[in-house]
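Here are my notes for your review. Please read them with the model open.

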Amino acid sequence: MKTSNLKISLLLIVLFLISLSRVSAEEKKPVHVGALLSLSGGLEQWCNYIKQGIDLAASEEGNEVIKVTYEDDRSIDLKSTVSAARKLIDHSKVDLLFSWSTAVVPVLVPLSKKNHLPLFIGGYDKRVATGGDYVFGGFINYLTTPRDIVTGK
């Protein structure tokens with residue numbers, strides 16, 4: 001009797017997991033990403049390409065629906081960056097904050113910690129490394145780039 005109950009329970013769990021995996025993308029809550037990019041102020045030539053990459057990635061079909069809201073950091077003006085980040089957090093209610101530059105880490109870490117909001121930076125350096133539990137970095141590792149240039153890697 002116990003064995004058949006166990007088999008039925010396992011079967012129900014498997015069926016439940018299968019049904020979860022078949023939920024359509026339209027029924028899932030989108031992951032809302034707030035992206036701080038330099039859309040004015042002189043650095044837009046870099047961020048236009050980053051924005052195109054984000055848009056392309058968000059448009060791909062997959063298991064998650066991604067919604068992206070952009071705000072202008074005015075070429076890493078720290079006051080504008082904080083203001084834009086607050087708008088993304090308080091008004092747009094983003095699930096994750098992204099910035100392309102490690103230069104903004106010191107002003108964004110307090111907001112990230114206070115709101116328990118993951119902060120992803122498009123680079124990695126000591127500021128990111130010491131940013132805390134909510135701060136992540138990727139793409140360019142500024143700690144190893146000089147060595148890689150010298151060694152040709």
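1. Is Phe120 buried, partly exposed or exposed? This is a predicted model, so every point here concerns a prediction. Phe120 has 23% relative accessibility, so Phe120 counts as partly exposed. The cut-off for buried is under 20%.

2. Phe98 is buried, because its relative accessibility is 10%.

3. Look at these two rings together. The count of aromatic pairs is 1. The ring centres of Phe98 and Phe120 are 6.1 Å apart and the planes meet at 20 degrees, so the pair is stacked. Planes under 30 degrees apart count as stacked. The pair links distant parts of the chain.

4. Next, the largest pocket. Its space is about 420 Å³. The lining has 19 residues. Phe98 and Phe120 are among those nearest the centre, along with Ile50, Ile54 and Phe139.

5. Which elements supply at least two residues each of this lining? They are helix H2 (44-59), strand E2 (66-72) and strand E3 (96-99). H2 gives the most, with 6 residues.

6. In the largest pocket, 15 lining residues are nonpolar and 4 are polar. No charged residue is part of the lining.

7. Lys51 lies over the face of Tyr70, 4.5 Å from the ring centre.

How values were computed:
Residues are numbered from 1 along each chain as its sequence is written. This is a predicted model: local features need pLDDT of at least 70, side-chain atom pairs count only at pLDDT 80 or more; totals for chains, interfaces and linings use all residues. Side-chain values use heavy atoms; hydrogens and water are left out. On a 1 Å grid over the protein atoms alone, a cavity is a set of points where a 1.4 Å probe fits but cannot get out, and a pocket is an open set with protein on both sides within 12 Å along at least five of seven lines; lining residues have an atom within 4 Å of a point. Grid points are joined across faces, edges and corners, and a volume is the space filled by probe spheres set on the points. Helices (H or I, at least four residues) and strands (E, at least two) are DSSP runs, numbered from the N terminus. Ala, Val, Leu, Ile, Met, Phe, Trp, Tyr, Cys and Pro count as nonpolar, Asp, Glu, Lys and Arg as charged, and the others, Gly among them, as polar. Rings of Phe, Tyr and Trp (its six-membered ring) pair if their centres lie within 6.5 Å; planes under 30 degrees apart count as stacked, over 60 as edge-to-face and the rest as tilted. Buried means under 20% relative accessible area, exposed over 50%, partly exposed in between (1.4 Å probe, protein chains only). A charge sits over a ring if NZ of Lys or CZ of Arg is within 6 Å of the ring centre and within 35 degrees of the ring normal.
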